[in-house]
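Here is a short briefing on selected sites in one model.

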Amino acid sequence: MSKFTYTESQKKAIFDRGTDLLVSASAGSGKTRVLVQRVIEHLKTGTGIDQILIVTFTKAAAAEMRDRIQTALRKALAASQGDSQQQQFYLRQLNLLPVADISTLDAFCLNLLQHYYYVIDYDPVFRLLADTTESALLRDEVWTDLREELYADDPQGRFARLTENFSGDRNDQGLADLVQRVYTFADAAPDPDAWLSGLADAYQLDAAHLTETSFFHDRLQPLLAAQLDQVQADLTSALALAENASLTKQMTYLTQCLDQLRNLQDILQTGSWNDLRTEVLAFNWGRLSPISKKNEDHAVYVDLKAFRDSAKRQLDTLGKTYFLQAEDDALTTMRQAHELVTELGSVVQSFRHAYLAEKQRRHVLDFADVEHAALQILTQPGQDSQHVREQLRKQYQEIMVDEYQDTNSLQEAILTAIAQPEPHGNRFMVGDVKQSIYRFRQADPTLFMHKSDRYGASDAGELVTLAENFRSMKNVDDFTNLIFQQLMDRQLGEVAYAGDALLKYGARYYPSDLQFPAEVMVYLSDRPTTPDSGEAMDETFQVDNKHQGEVLMVGKKIQELIADQAPIYDRETGQTRPVQYRDITLLTPTRANNLIITDELQHLGIPVMVNDAQNYFKTTEIQIMMALLRVIDNPYQDIPLVAVLRSPIVGLNENELALLRINQRTGDYYQAVLHFEQTYSEDHASDFQHTVHEKISHFLEQLKTFRDVAQQNELVTLIWRIYQETGFLDYVGGMPAGKQRQANLHALYERAQSYEHSSFKGLFQFVRFVERLQERDDDLASAPVQTADDAVSVMTIHGSKGLEFPVVFLMDASRQFNRQDQTGPYVLSGKDGIGIDYLDTTSRIQAPSLQKVVMAQAINRASLAEEMRKLYVALTRAESRLYIVGSHKTQDEALKSWQQAFQSTDLVLPATLREKSTQANYLDWIGMCLMRTPQAGDLRDGQPALSALAGDPALFKVSFATEDDVAPATNVTQSAQDWLKQASAAAQKVPATAVDGAKLKAIMDFQYPHQAATVTTAYQSVSEAKRLFEDPDNARIGESQPTELGRQRGRRFVTHDFARPDFLQTVREPLPTEIGTATHLVLQRLDLTQTPTAERVQVVIDQLVTDQVLTAAVAAKIQVDTVLRFFASDLGQQLLAAPDRVQREVPFSLLMPAKSLFQDFQEQDSQVLVHGIIDGYLQTDQGIILFDYKTDHVNPDRLDTSVARLVNKYGGQINLYATALHQMTGHPVLGQYLYLLSVGQLVPVPRRDLDDPTTTE
């Protein structure tokens, strides 16, 4: 890439001074580079870094800004060589940079409060409530206390009426949720009490009749007119189809409908509410004459009927939404709603003050408190406040605000308080209102738009637009412009996408011949009905739902890109190269389908990394742990208890769970568990009952331990104790994605640790804490785990803001937008207040106030505007390739939905069509915008392209895929036939040559000379091969036995019994083998330079327990006197006499002829690697003395027989050791012995040699 050259608009943003400057920076326009360069230019003129306040939206952005300024400063320092004064200034700025005011606004306000707390008489000792869930728990406590007070002091019954209106008949949780939501909205206002006091103002009417009020003319009438215009557009489209096909009856019918509608529109302008309501509800739709399917005009009839049905639904919805009540009833609802909302404002004010008092008592603050405190410090009427304000205004020569579109009114008030007043302001505000996507955090993009309008029309400030996109290829810009110039306007979108708002291609470093069309990929989810549709698909593959189908379609496209080595331009290297997995990012509207995406792409062999929070609390391991914590807190909870019993921690299956319930059919499940434990009789129990009892008794013992730990220790101690004693942390490591699961469990431990530092303590509160997280649909991010460097990324659109990717797939584009904030008994708006339903306590009928209906419509439009901005963010993340992925039932359904765009000949689609519920998703928005272009071709179905789009340069294609298209090939026969045809054709092109018959026969009859080696192990343990030396006549003991299919088993000695993992062990006495292993370990660890004593042996045992090498139960079974007896023997004394010549725990590997191990193996040169560990040997001048400890039981009554049995059992193993030692050391083995610890006897083992072994250490 060539050296960056600033555009004229960028230069204005960098150098213009003397007034407030608003920079509207489109996607990829280099706003951060401009902001940093503006800082450097300030420094060049002598303004210090400590004289500039830079406010960012996130901590990460602040850190990046600081780093970029540091880099730019170092470059400026290097360029100022020879100017010592300038160099000293730059060095001073570099030293000041770490403490410069470059931070989030929250951090700035916190710093302000910590320095000037005395101005508002605030206690400077406080802790930040950074955890929103801790705040929620504290609010719950405050509300519980306040609610009781309000119930007790309610002489006029207003609070009771408020509770009844918003809560069900079981509890008053509905009101609790409402109070806290209203509190959240109020807290984002500069003056929350004033906002709450004015909450009911919208319900005060200024005229006796509804249609004479300003509320009707300003708010209600425009909405109704727009809805009726959309009905008219649908009917007009239907009439045009009927006229083109000369369908006389249908033309007459539609004309009559349009006449009725025009009358309705006239009444809306001049009539009364009741007249309007009567006409809407009595609208006569009559009957649309049908046309036979055999008629050639039936297809036209279907299309026009769809338009008629759409119009009818729209008008019916209008009647059910706006005209439920006659005028008198509607006015009564408004008056009653006014009383309720007034009481609600008063209650929320009381809650706010009580909550603030409790936070002050606990010395805690949340970020909103800090911002309000900062505003108080700056705006109070006293001299101290004025002094602080003037001092800050004098200090900051410029206030720079990044991502200004995401500020709220409270933050705006704070910044205004310390800024120079207009028209000589000193604020530099940069952002892009088209990327304001944080409405859920009370961000107010209208602040940006009002300044944009004002600065563009007056001298109050300067507006600079950065339209060039230096990030993306030209077609990404063209495609984005094509969509948004039809989709976004001030009416629905809150910004007009025209003129300077359009993206301009600035990334001219891309090769001109490298352009890729945007692709809309539609998965058709309806399975066609065919004669074979009843036959199941290949059981290795079946598309369960449309989301899975979309992911598989994307997976197939990714595989094609990788396989074809699709080219992309690497901006860092300035070269074109093949696409890699890490270049590809999947953007999702929500995290709902992340598990499907991960699973399906991994099944396709595509490495994937999920960057956003990913259903942490829904993962199996966390659900099990949370169930166990609930049971520890209170075991009388059936569902968590059964979840734990069924989990690997206890390991009961369905039949075992049923046994417990059958044992006691009534009461809590925990009572049934206890009853089974108490009534169990070993003498009368079956094997099945005995197995269940072992598991249950172990669980109850653990549960008692865990409950004791929970009462006496911190939560983190309990969680780690669970991990240790159950082995659950180790268990999940063996599951699929084990590293991620273990990381999740570690994250739970860390989350509990941070929770313990809050104002809440204990297990019960932690369980509540997590439940509140889940109720709020909040989540923890999956714990980071080391991932592949070359992997496809998955993240939400919100998470992608500010980032860029070579290849972008916008996933789940057909998901209907979430309209949850527009439903329920109330709607909330920071600008308009609250709209509510009113419950008539006499009739028990609940009706929405017209204020709520109007407000819901405004919220809907604000929500849709934000969805448009989210779509803009998603599309502009792409550098080279862009894919939009969604689904429809059928291709016909998709095209008919998109063809509704032809209802209008205006460039911008009608607002009512864009907000139509059936069209409210990214895919249909995009589809409608593409449909009217010349490039749409056959998709338009004969409709003419929109003239305003003639010559549009955007390149795109639309593809449809069915289940069969994304499934692997199932018709093997056809595939084989195709391959055979291709192979035959290729063979015919090969020139024929004479064939040597003898050579051909030799090739066809070829036999691999080492066939036996292919079914013979190359690696064998001593413990498995020790039988080799048991009897001279059985030196070759391997056999090849035919299996049931006539195939031969491989040659290898195996142990058929596998040890049961520790985390699956049940309560029992230590096994003799475990005690023997532990005794071996003690013998190996003892220091031979000192004479062993009972105390020294016990010290070794205790250390092994402390190191968690041995369990306490096993350690208690080690016989210390047995160990001492060994060292008192002749061999033991020899070892103590020469400790430096003793070798213990010696590993070895021994190559042995395979024919000496397996009797049917005839090849002479094939060898098998045998490995093992020798207990010990003593090196003498004459040779080696080999010894091996054995803890096997020896019958003292039949001593000779028992000893002979053990010599026979272990003779082969000792002989292998002797052979290995001879090869390793070159010294002869003078003696080889077993030391039988149980009887304290040293037993010689007869020596046998093995031919041609090769040994390595």
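Patches are made of residues with over 30% relative accessible area and no salt bridge; like charges are joined within 9 Å, and nonpolar side chains (Val, Leu, Ile, Met, Phe, Trp, Tyr) within 5 Å. Leu1000, Ile1003 and Met1004 make a nonpolar surface patch of about 350 Å². This is a predicted model: local features need pLDDT of at least 70, side-chain atom pairs count only at pLDDT 80 or more, and totals for chains, interfaces and linings use all residues. Residues are numbered from 1 along each chain as its sequence is written, and side-chain values use heavy atoms, with hydrogens and water left out.

**Surface patch**

- Accessible areas come from the Shrake-Rupley method with a 1.4 Å probe; for residues, only the protein chains shown count as cover.
- A salt bridge is a side-chain nitrogen of Lys or Arg within 4 Å of a carboxyl oxygen of Asp or Glu.
- Ile1003 sits in helix α38, residues 997-1004 (helices are DSSP runs of H or I, at least four residues; strands are runs of E, at least two; both are numbered from the N terminus).
- Ile1003 counts as exposed because its relative accessibility is 61% (buried is under 20%, exposed over 50%, partly exposed in between, with a 1.4 Å probe and protein chains only).

**His888**

- Strand β21, residues 878-888, holds His888.
- His888 has 10% relative accessibility, so His888 counts as buried.
- The side chains of His888 and Glu893 are joined by a polar contact of 2.6 Å (a pair of N or O atoms within 3.5 Å; within protein, one must be able to donate a hydrogen and the other to accept it, and residues adjacent in sequence count only if both atoms are side-chain atoms).
- Beyond four places in sequence, the contacts of His888 include Tyr523, Trp898 and Asp924 (contact means heavy atoms within 4.5 Å).

**Gln1241**

- Gln1241 belongs to strand β28, residues 1241-1244.
- Its relative accessible area is 28%, so Gln1241 is partly exposed.
- Val1203 is 38 residues from Gln1241 in sequence, and their C-alpha atoms are 9.3 Å apart.
- Gln1241 touches Val1203, and also Leu1199, Leu1234, Tyr1235 and Leu1236, with residues up to four places away not counted.

**Recorded binding site**

- An unreviewed UniProt entry lists a "binding site" that includes Gly28 and Ser29; such annotations may be inferred rather than shown by experiment.
- Gly28 lies in the loop between β1 (21-25) and α2 (31-44), and Ser29 is in the loop between β1 and α2.
- Gly28 is buried because its relative accessibility is 15%.
- Ser29 is buried because its relative accessibility is 2%.
- Beyond four places in sequence, Gly28 contacts Glu468, Asn469, Phe470 and Arg471.
- Ser29 contacts Gln10, Leu466, Glu468 and Phe470, with neighbours within four places left aside.
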